[in-house]
Amino acid sequence: RMAAAPPSYCFVAFPPCSKDGLVVFGKNSARPRDEVQEVVYFAAAAHDPGSKVECTYIEIEQVPKTHAVVLSRPSWLWGAEMGANEHGVCVANEAVVTREPASESEALLGMDLVRLGLERGATAKEAFDVIVALLEEHGQGGNYYEDASSCHTFQSAFLIVDRNEAWILETSGKYWAAEKITEGVKCICNQLSLTTKIDAEHPELRNYVKNQGWWNGDSDFNFSEVFSLADDHLACCSGKESLEKQGGDVSAQAMIDVLRDKDSGVCVDSESFLTTASIVSVLPQDPSFPCVHYFTGTPDPSRSIFKPFIFVDDVKLVPKVQSPSFGNDDPAKKIPRFQEKPDRRHELYKAHEWARSLLENDQDKGQKLMRIMLDLEKQGLEAMEDILTRTEVLDPAEVVDLFYDCVDTELKFFK
């Protein structure tokens, strides 16, 4: 039996459901409980002709220019669970199980495709095209977890968003289908969601499933029904209703509230899985305003705070949310892989472990600390709201240290 996919949730809200001409994107990344996620920034770069890029397991051709990206990623791999680029494109992926067994042979991971789409696509559609082209050329496969004892493999679904539109891309091997979204609220989780509304698809998709005997060619083509295992394609989204209830008022705060909700199951905290990191992005449809990306960089959003990041030149790096680097000695890079598990905790993660034990062992102190933290988060949200509603153009100097300062202040509270 295939292992269950980790129950992550991704959301996007467009007007008329979201506030004041904003597109709001969010994801909770559910991963193995002890996995550390880091927040990393890579500047835009030019690359020499013929150069290669080493992804998690395989090396592929590099492109002449890559965009600046900020990523939240399991710190042992190259790609990302979720992130954004300097052009206001956000991408998140979901591990999904389909009737097609996922390949164990090492290829691109769904997480690698997230980063490649962000580095190479200046719009959601460009990132989408990059992902499907790379899927065709290199395929997807390899272990999703840092685990030597067993190979956990999945197919991928992606939510790809910019200021104007979103694409839901669902894949099985190299085959795929996609739906374009420009209004309302959409949620994807760890099962297929596309049905008969398909706006783009792999050219051989229908022939392939006919030859497999999964579709007779006469009935309506329903992607989830064709590719899901038995009764897997149920409506997955408990968080979607909460966002729709906001009635045209989905904001960063509303998205954060949904991601923190344990009762709905969106905030995962189970025996095997935990929400190890979260992101919320606000993309103004008016391009004269900057996009704001909030990251936790720590597990369990109900005990973490969302800290804002804005792309500007020379943005200050934040080593305190970056895991230690082991270079070529990293057990994830040596074959056989994962023979050891190094300590990948970054400074903010360690501080959070202390805070977590305080929350569990000293109710009063823990609650007081959480109140201070949420107050800090609120100040950040209000400052960003101010930037997104004022008339004058943002001075980059004002936000070059933004994410750095928020992480720094958070760490001071833990000291």
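A polar contact here is a pair of N or O atoms within 3.5 Å; within protein, one must be able to donate a hydrogen and the other to accept it, and residues adjacent in sequence count only if both atoms are side-chain atoms. The side chains of D147 and H152 make such a contact, at 2.8 Å. This is a predicted model, where local features need pLDDT of at least 70, side-chain atom pairs count only at pLDDT 80 or more, and totals for chains, interfaces and linings use all residues. Residues are numbered from 1 along each chain as its sequence is written, and side-chain values use heavy atoms, with hydrogens and water left out.

**Nonpolar cores**

- A nonpolar core is a set of buried Ala, Val, Leu, Ile, Met, Phe, Trp, Tyr and Cys residues joined through side-chain atoms within 4.5 Å; buried means under 20% relative accessible area, exposed over 50%, and partly exposed in between (1.4 Å probe, protein chains only).
- The largest nonpolar core holds 92 residues, and F11, L159, V161, F223, V280 and Y294 have the most contacts inside it.
- A second, separate core has 47 residues, including A5, V40, V69 and V130.
- In soluble globular proteins, nonpolar side chains tend to be buried together.
- Taking contact as heavy atoms within 4.5 Å, V161 touches V12, V23, F25, G88, V89, C90, A124, A166 and L283, leaving out residues up to four places away in sequence.

**Helices and their packing**

- Helices (H or I, at least four residues) and strands (E, at least two) are DSSP runs, numbered from the N terminus.
- Axes are lines fitted to C-alpha atoms, for helices over the stretch in contact, and angles run from 0 to 180 degrees between N-to-C directions.
- Angles under 35 degrees count as roughly parallel, over 145 as roughly antiparallel, 65 to 115 as roughly perpendicular and the rest as oblique.
- A crossing is left-handed if the near helix is turned anticlockwise from the far one by less than a right angle, and right-handed if clockwise.
- Helix 7 (residues 347–361) and helix 8 pack at about 130° with axes 6 Å apart, and they are therefore oblique to each other; their crossing is left-handed.
- On the helix 7 side of this contact are W354, A355, L358, L359 and N361, and on the helix 8 side are Q363, K365, G366, Q367, L369 and M370.
- Helix 8 (residues 363–389) also meets helix 10 (residues 402–414), with axes that come within 10 Å and cross at roughly 165°.
- Helix 8 and helix 10 are therefore roughly antiparallel, and the crossing is right-handed.
- L369, I372, M373, L376 and M384 of helix 8 face L402, C406, T409, E410, F413 and F414 of helix 10 in this contact.
- Helix 6 (residues 252–259) is largely enclosed by the rest of the structure, because 6 of its 8 residues are buried: A252, A254, M255, I256, V258 and L259.

**Polar side chains worth a look**

- D147 sits in the loop between helix 2 (124–138) and strand 11 (155–161), and its 21% relative accessibility makes it partly exposed.
- Besides H152, D147 touches F338, with residues up to four places away in sequence not counted.
- R73 belongs to strand 8 (residues 69–74) and is buried, at 12% relative accessible area.
- A polar atom of the R73 side chain lies 2.9 Å from the backbone oxygen of W78.
- Beyond its neighbours within four places in sequence, R73 is in contact with V36, Q37, E38, V40, F42, W78, G79, A80, E81 and R115.
- S228, in the loop between helix 4 (223–227) and helix 5 (238–245), is buried at 6%, and its side chain reaches the backbone oxygen of S224 at 2.7 Å.

**Backbone features**

- Most residues other than glycine have a negative phi, and most peptide bonds are trans.
- The P15 to P16 peptide bond is cis, with omega near 5°; P16 is in the loop between strand 1 (9–13) and strand 2 (22–32).
- The I335 to P336 peptide bond is also cis, with omega near -5°, and P336 is in the loop between strand 18 (307–309) and helix 7.
- That loop also holds D314, which has a positive phi of about 60° and is exposed at 70% relative accessibility.
- F338, found in the loop between strand 18 and helix 7, has a positive phi near 60° and is buried at 7%.
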